[in-house]
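Let's walk through this one together, starting with charged pairs and ending with a pair of helices.

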Amino acid sequence: GAPVKQPGAYPVLQRALSRSEMLRLVSLYLDEGWQPDVILTCCAEIARQPGNARKTVASVCRELHRWREAGVETGADAEKYLQREALRAERRQEVARLFGVDPADFTRWERSAIDRWFEQGGFSAEVIAEAILRAENHRTVRYVDGILRAWRAQGLLTVDAVRGKGQLAGSNILSTGVRPAAATAKKDLFHADWNAVFDDEPEE
């Protein structure tokens, strides 16, 4: 393959690197099989992180490990991965706004669940907002996840479909406080105990 370019020739982490750090970067190419453009892309991503995030070669190595687990091997793979992660971050931020929380407070399981709502469930932010509304006083990611799984199983992927299935339309459930009759309560799509229904995945 092409010889690796000297790491010291690039402002890879927006600071001067020690000799040991430069050698560690080179070893990513020589010993671990990373292409130079992927290494430099990862360095740029670490350097781009805001705040007091540690911009170290060790951070680059950890990030590359995550990339490899995600199937990243080439520069094109890295570009697609970063685009996907940026989109996920935007979606998590929107969901956090709907819940009224800081996206940094989501657990790893919660982040994974939110990604799944969009990518596997095919839900829009509007449908997720409707599910949060239906959760009433149980507004947790796990509870809303249960609602969305039930909706997907029944093919309810739009707000119109969801409202057409329920006993009350839209936000009327919250605004009126009306509850379904006891005889039909167990059948009401919006008043099941979703924590009990979907409690099969451990939270991390």
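There are 14 salt bridges here, each one a side-chain nitrogen of Lys or Arg within 4 Å of a carboxyl oxygen of Asp or Glu. Keep in mind that this is a predicted model, where local features need pLDDT of at least 70, side-chain atom pairs count only at pLDDT 80 or more, and totals for chains, interfaces and linings use all residues. Residues are numbered from 1 along each chain as its sequence is written, and side-chain values use heavy atoms, leaving out hydrogens and water.

Take Asp115 and Arg92, whose side chains meet in a salt bridge at 2.5 Å, N to O. They link distant parts of the chain, with Asp115 in helix H5 (residues 108-119) and Arg92 in helix H4, 23 residues apart; helices are DSSP runs (H or I, at least four residues) numbered from the N terminus. Both Asp115 and Arg92 are buried, meaning under 20% relative accessible area, while exposed is over 50% and partly exposed is in between (1.4 Å probe, protein chains only).

Next, Glu130 pairs with Arg163 in a salt bridge, their closest N and O atoms being 3.0 Å apart. Glu130 sits in helix H6 (residues 125-135) and Arg163 in helix H8 (residues 159-165), so this pair ties together parts 33 residues apart in sequence. Glu130 is buried at 4% relative accessible area, whereas Arg163 is partly exposed at 36%.

Now for the helices: the axes of H2 (residues 36-48) and H4 (residues 75-99) come within 8 Å and cross at roughly 25°. The axes are lines fitted to C-alpha atoms over the stretch in contact, with angles running from 0 to 180 degrees between N-to-C directions. Contact itself means heavy atoms within 4.5 Å.

Methods. Helices (H or I, at least four residues) and strands (E, at least two) are DSSP runs, numbered from the N terminus.
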